[in-house]
Amino acid sequence: MTDNPFVNTFLNLEVIMQTFPRLLAEGLRNTLLIAFLSIVAGVLIGMAMAVLLLSRRWWLRFPARVYVDVFRGLPVLLTVMLIGIGLPASGLRPFGREPFGYAVLAIGIISGAYLAEIFRSGIQSVEPGQMQAARSLGMSYGKAMRLVVIPQGVRRVLPAVAGQFVKDVKESSLVYILGLGVGQRELFFIAQEEVARTYNSSPLIAAGMCYLAITVPLTYFVNWLDRRLRDGRTARPVPLDDDTPAPATTGSPR
Amino acid sequence: MITLENIHKSYGPVEVLRGVTLDVARGETVSLIGASGSGKSTLLKCANLLETPDRGRVLLDGAAITGPGVDVDRARARIGMVFQHFNLFPHMTVLDNVTVGLRHVRGLPRDRAEQVARARLAEVGLAHLTGQRPARLSGGQQQRVAIARALAMEPAVMMFDEATSALDPELVKDVLAIMRDLAASGMTMLVVTHEMAFARESSQRVVFMDDGVIAEAGTPEQIFEAPRHVRLRRFLAQIL
């Protein structure tokens, strides 16, 4: 090993190699699990809130507005502690005594608040003519939203949604303050345990590499999905024989 | 077939419709003409309740479709609407644009819906484009898909809201030809149009709207050969 203190502190290969097996065996799986479940919860909450935010009835809009403002406005750490420590302490224990479920709920609730605004802006950007055309076919408001407006709205904000997913993956690290038990520890928890044990920061670098291995491909995956939906899976060049293509008035988002 | 009784509609302080009464008989084609802002399009939107009239009634086949307790969605499914800007669903293929109403409103199974959709698309000459996205089609093709989409629902009435106004001149004739055939086939039609040739040749009745009311109505001969209202004369002088 080198004597350079900088290299030794951050890039101590020996420590990194000791940390990686634990990160991969336990941490990666749990980080992915917390992040995935939080994202699912966030998408469900966010979509429901977005639809409520767009309601014409103020008493449906109002609670959604409060929800979004509160959970976008609070520090993530505070929300995680409120839900992860406060809820079970108060006797509300939907997920038992293990902190895992509360961790997922906390990150999901925060994610849902952000996604609500992202989805709302996407849905609102869809031309009113789309809703009118759907209604003129006899669809109810709900059907028109589900089949016509929401699918288009969500596609327009996919890059922003990807950004939120990346945030959710990173924020899953904050659940370490809930004191996860053996078998439930995620990447950051394991890394900081190793830091405390070795007095060396290299485990953080190892954990960081694991996070990047999740977040960077995630971004590229959603961007790829975005491109594919934009071009349309079924769009093949076909001779347009009887007249020339007009500007795509109903096509790609403006 | 469709009756509008004393329709009033305001947007804020602007009174767009000031008591319009109009009856379209079964099999009849009525053309609505008039300057922009005269209330033609708003009248059409009120007729299929995309806009709620402030006052007045709409009757479809003798039954009121305005007022409390009416299943508006059901009524709308019987009124076909073609928009100026086509309003095709860009995230669906041409075929899905036509089948979506059949499947999710009429409740047809997928294969039956596709059968109907292919037949309607063939009638507008687009059988070869079923797998395309609307964005790849020309304006004229898009509007023909929109007509097929509306016709697939087997509407009792077809309404056209300036269906050719957004098209390049050379694409107008295909869409007009389809509308003409449809009128000749006995479809009940209410057509907002700036195409005076269509109004003259394909409609039984022409209605001139001015400032939110019907200023003059009559046969195409009466309207185009012997206009009485001074505003109608001025309008025709400008447009012909």
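Colleague: Let's start with chain B: over how many bridges do strand E1 (residues 2-11) and strand E4 (residues 55-60) pair in the antiparallel sense?

Modeller: Strands here are DSSP runs of E with at least two residues, helices are runs of H or I with at least four, and both are numbered from the N terminus. Two strands pair if DSSP finds at least two bridges between them. The antiparallel pairing of E1 with E4 in chain B runs over five bridges.

Colleague: Good to know. How are residues, chains and ligands labelled, and which pLDDT do side-chain atom pairs need?

Modeller: Residues are numbered from 1 along each chain as its sequence is written, while chains are lettered from A and ligands numbered from 1 in the order in which they are written. This is a predicted model, in which side-chain values use heavy atoms, without hydrogens and water, totals for chains, interfaces and linings use all residues, local features need pLDDT of at least 70, and side-chain atom pairs count only at pLDDT 80 or more.

Colleague: Which residue in the turn of the hairpin formed by E1(B) and E2(B) has a positive phi?

Modeller: E1(B) and E2(B) run antiparallel and are joined by eight bridges, with B:Lys9 opposite B:Leu17. Two residues lie between the strands of this hairpin. In the turn, a positive phi of about 60 degrees belongs to B:Gly12.

Colleague: And which strands stand at the edges of the sheet?

Modeller: The open sheet of chain B has four strands in antiparallel pairing, ordered E2-E1-E4-E5. Two of them have a single partner strand each, so one side of each is left without a neighbour in the sheet. These edge strands are E2 (14-24) and E5 (63-64) of chain B.

Colleague: What angle does helix H1 (residues 40-47) of chain B make with E1(B)?

Modeller: Helix H1 of chain B packs on the sheet, touching E1, E2 and E4; contact means heavy atoms within 4.5 Å. Axes are lines fitted to C-alpha atoms, for helices over the stretch in contact, and angles between N-to-C directions run from 0 to 180 degrees. The direction of H1(B) and that of E1(B) make an angle of about 120 degrees.

Colleague: Is B:Glu162 buried or exposed?

Modeller: B:Glu162 lies in the loop between strand E7 (157-161) and helix H6 (169-184) of chain B, and its phi is near 50 degrees, a positive value in a residue other than glycine. Buried means under 20% relative accessible area, exposed over 50%, and partly exposed in between (1.4 Å probe, protein chains only). With a relative accessible area of 13%, B:Glu162 is buried.

Colleague: Over to chain A: which residues does A:Asn30 touch, not counting residues up to four places away in sequence?

Modeller: Chain A has ten helices and zero strands, and A:Asn30 is found in helix H2 (residues 13-53). At 2% relative accessibility, A:Asn30 counts as buried. With that sequence limit, A:Asn30 touches A:Phe100, A:Gly183, A:Gln184, A:Arg185 and A:Glu186.
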